Amino acid sequence: MPELPSLLFHPHPRANEGPHGYLLRLATENHLLLHDIRRLNIHFDAEILYRHGLMPDQRLEPELFARIRRISTLLASEKRAWNHRFARFCPHCLAEEAYWHADWELYFQDACPEHGVWLIDHCSSCQQPLSWNRKSMVRCECGADLRTEVATQCPDDVVRMAGLLRARLFNLPEDKPPLPLKALNLGQVQQLIRFLGAGTTH
């Protein structure tokens with residue numbers, strides 16, 4: 001049975017919503033800050049969210065429970081896979097639906113697979129990196145609307161890699177992944193990207 005709700009609003013996470021992004025959306029909808037949510041011992045864990053009235057009955061949406069469990073497991077087991085410091089996003093996706101995609105929270109996720117643009121991590125109005133510790137899901141701390149940011153097209157290879165990282169995160173089928181990456185999991189793909197990136201700086 002869920003615990004007695006401690007929040008006014010209880011939005012459920014989306015199937016492809018990120019852990020930091022969901023908790024920020026939860027805080028925003030309840031007129032709280034992210035650290036307030038953490039003080040309530042609410043974490044991105046299916047069972048914890050259910051106890052706080054933030055998940056549906058598992059029998060009704062077993063796939064959502066499975067997806068949240070997978071992401072929370074990777075959050076714990078692949079700590080270096082996640083960008084905990086700064087937020088990145090696609091303004092086109094954010095304008096379509098105001099929630100944070102889980103793959104945007106990965107290191108080396110540089111592009112949006114849907115729109116083929118570079119993800120944005122700075123506010124063009126104040127020039128500051130986009131922090132997770134802000135008051136609004138769709139606005140920078142300076143008040144600028146993130147949905148109006150202008151994204152630029154990026155190379156097809158970057159878009160393809162973004163799609164591959166997303167597929168590894170959600171364990172989705174891939175259309176002809178590169179042979180060297182076929183047997184690698186999410187963390188291993190990121191380690192390879194890190195290694196190749198370091199090699200190109202010398």
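Biologist: Which residues does Ile 37 touch, not counting residues up to four places away in sequence?

Modeller: In this predicted model, where local features need pLDDT of at least 70, side-chain atom pairs count only at pLDDT 80 or more, and totals for chains, interfaces and linings use all residues, Ile 37 touches Leu 7, Leu 23, Leu 26, Ala 27, Leu 32 and Ile 42, a contact being heavy atoms within 4.5 Å. Residues are numbered from 1 along each chain as its sequence is written, and side-chain values use heavy atoms, with hydrogens and water left out.

Biologist: Why is Ile 37 called buried?

Modeller: Buried means under 20% relative accessible area, exposed means over 50%, and partly exposed lies in between, with a 1.4 Å probe and protein chains only; Ile 37 has a relative accessible area of 0%, so Ile 37 counts as buried. Ile 37 is found in helix H2, and the C-alpha atoms of Ile 37 and Leu 23, 14 residues apart along the chain, are separated by 7.2 Å.

Biologist: What makes the pair of Trp 100 and Trp 104 edge-to-face?

Modeller: Rings of Phe, Tyr and Trp (its six-membered ring) pair if their centres lie within 6.5 Å, and planes under 30 degrees apart count as stacked, over 60 as edge-to-face and the rest as tilted. The rings of Trp 100 and Trp 104 are 5.5 Å apart centre to centre, with 85 degrees between the planes, and the pair is therefore edge-to-face. Trp 100 is buried at a relative accessible area of 0%, and Trp 104 is buried at 1%.

Biologist: Why is the pair of Tyr 107 and Phe 108 called tilted?

Modeller: The centres of Tyr 107 and Phe 108 are 6.3 Å apart and the angle between the planes is 50 degrees, so the pair is neither stacked nor edge-to-face and counts as tilted. Tyr 107, at 34% relative accessibility, is partly exposed, and so is Phe 108, with a relative accessible area of 26%.

Biologist: How do you know that H4 is roughly perpendicular to H6?

Modeller: The axes of helix H4 (residues 62-77) and helix H6 (residues 156-170) come within 9 Å and cross at roughly 105 degrees. Angles under 35 degrees count as roughly parallel, over 145 as roughly antiparallel, 65 to 115 as roughly perpendicular and the rest as oblique, which means that H4 is roughly perpendicular to H6. Arg 67, Arg 70, Ile 71 and Leu 74 of H4 make the contact with Arg 168, Leu 169 and Phe 170 of H6.

Key
Axes are lines fitted to C-alpha atoms, for helices over the stretch in contact, and angles run from 0 to 180 degrees between N-to-C directions. Helices (H or I, at least four residues) and strands (E, at least two) are DSSP runs, numbered from the N terminus.
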